[in-house]
Amino acid sequence: MSRWAQRKAAIKAESDYDSLTTIPMIEFQDPKPQLVVERIAEAFKSVNARRIYVADPYLNETDVDLVRRMFDGVFDREVTIITRFDNVPAEPLTLCSKCRSDTAEVKGTAGGKSRSERRSDVVTVVKNTVVDLTNKRIFKSLRILVANVKFHDRFIFCYDDGSKGLLLWCGTSLNHFMSQYSGIVRISNRSFKRQVVKFIELVESDSKSLDSLLAEIENA
Amino acid sequence: MSEGVVCRTIVVLDSDNRLLYGHSIFWKLSALDYVVRSWKKKKFGHIAVYFSDLDEFEIHSVMESRQLVLNFESESIVVVIPSESEEAFLEQSYDADEYNPFGSLCAAVKYFFPANAKFDADYLSDNKERFAQIESEFGLSVSTCPHLLETFSVYTPIRLEEDFRGIEDHRGTGYEIAFSDPFSLYQGANVLVQAMTDGAVNEHSYSLDKEQHVVVTGSVPDSVVTSVTFAGKLVFRSSFSLLKKISISSSIVSQRHVEHKGEVITQSIIEKRSFDV
């Protein structure tokens, strides 16, 4: 191999920048969430994604709208969000007067509401957003699956028949999108994608709807 | 400028006048070509692009001394040309893996590149917006060919263009071929056409002229390699496959608008269609 060819091969191997394998806060001095939303939207559009799964154990009131912004560019998509609403802390939350930490270990009450009341509030807002989007037929279907199994990782995935699928692994929750130096990683490993499909199948068979979750909270 | 040849030269420099990219093209002028006789500068943030048409003597001296001096009224900039060099011939080939700046021409090229392989692989992605501007304005392709970063190339395009097509009509079945030689530099050169059909090779050679040649082989070739040698030197080589069938997968896109929370969402409605031509 000539020295030019050697140099070219070495540089090609190093030059593998991928706009979907990145730490946005490192890539940009002032990252705008919208920028990554647009990149994700474009990437899923270019693989012609129709069935999309978003997994995040936490789900905030505003997260459904974030998912909507990522995927509303194409009509007739089936979007499923897998969550546990784990973000409402196990114990009622207030700020610790000494360390200003907002971790869940500190006991107290927030706005005079118990944990189950606040959890019920979040789930109700999410449910209303889903109903609204469904009535407007923005998606062919928009489902929220509340997983019974515990899970931790966050990802965005599509696997339509006959396509290789697009899998993005997200370093943080949707509601911390683009903050805390979190990254997103595009995963092309096929075996790993098949494992993700098995995880989705597992949740499909062992999950509850928003209504059952609301009933459960009420009866607790 | 001798015999109507200019060396179209461009260099991209950072704020320390370090060479980010450069090339010079030996360009034989036609009646319509313009000439830029002094250095022009355009800035893109901390990156600056300089361009000018030099004469052959100047470029030979640059290659010899490994220094390109940009003279302006009040200052001059000395650009260091990398020490390592290598020559190559750029073909017109469907599987060519080297960047060829000329759409349908072959070219001889001499690359100048740094000897030590220290390379900042993130430079292009860190400066991608600036490079995108520079590339669209000056027709460069550094970001898609990162190995061209920190190099200087001297191109000599061969002004010969091939016109080839398969035929199946009253003249017979085979192909027709013609060469355009606008400066009449290669008349009488040896043209060798190797046409492949189902693994069988049909060879035909002729002396290059301005005529169209019809060659009846009994079949439209699947792929063709054409070489032109002039004064014992290869000046043109192309290899390509002929399209016999095109499969088209098209998306029919229409739009739908929905109002949601005070904003209008535009949705594409995509229908897939596949057909053969």
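Visitor: How many helices and strands does chain A have?
Guide: Chain A has seven helices and seven strands. Helices (H or I, at least four residues) and strands (E, at least two) are DSSP runs, numbered from the N terminus. This is a predicted model: local features need pLDDT of at least 70, side-chain atom pairs count only at pLDDT 80 or more, and totals for chains, interfaces and linings use all residues. Residues are numbered from 1 along each chain as its sequence is written, while chains are lettered from A and ligands numbered from 1 in the order in which they are written.
Visitor: And what pattern does chain A follow along the sequence?
Guide: The pattern of chain A reads α-α-α-β-α-β-α-β-β-β-β-α-β-α.
Visitor: How much of chain A is buried?
Guide: Of the 220 residues in chain A, 27% are buried, meaning 20 or more other C-beta atoms, placed from the backbone, lie within 10 Å of the residue's own.
Visitor: Switching to the contact, how many residues does each chain give?
Guide: Chain B gives 19 residues and chain A gives 18 residues; two residues are in contact if their C-beta atoms, placed from the backbone, lie within 7 Å.
Visitor: Which element gives the largest share on the chain B side?
Guide: β19(B), with five residues.
Visitor: What about domains in chain B?
Guide: The assignment, from an automatic or database source, gives domain 1 (2-158), domain 2 (161-241) and domain 3 (247-276). The C-alpha centres of domain 2 and domain 3 of chain B are 45 Å apart.

Methods:
Buried ≥ 20, exposed ≤ 12 C-beta atoms within 10 Å, placed from the backbone.
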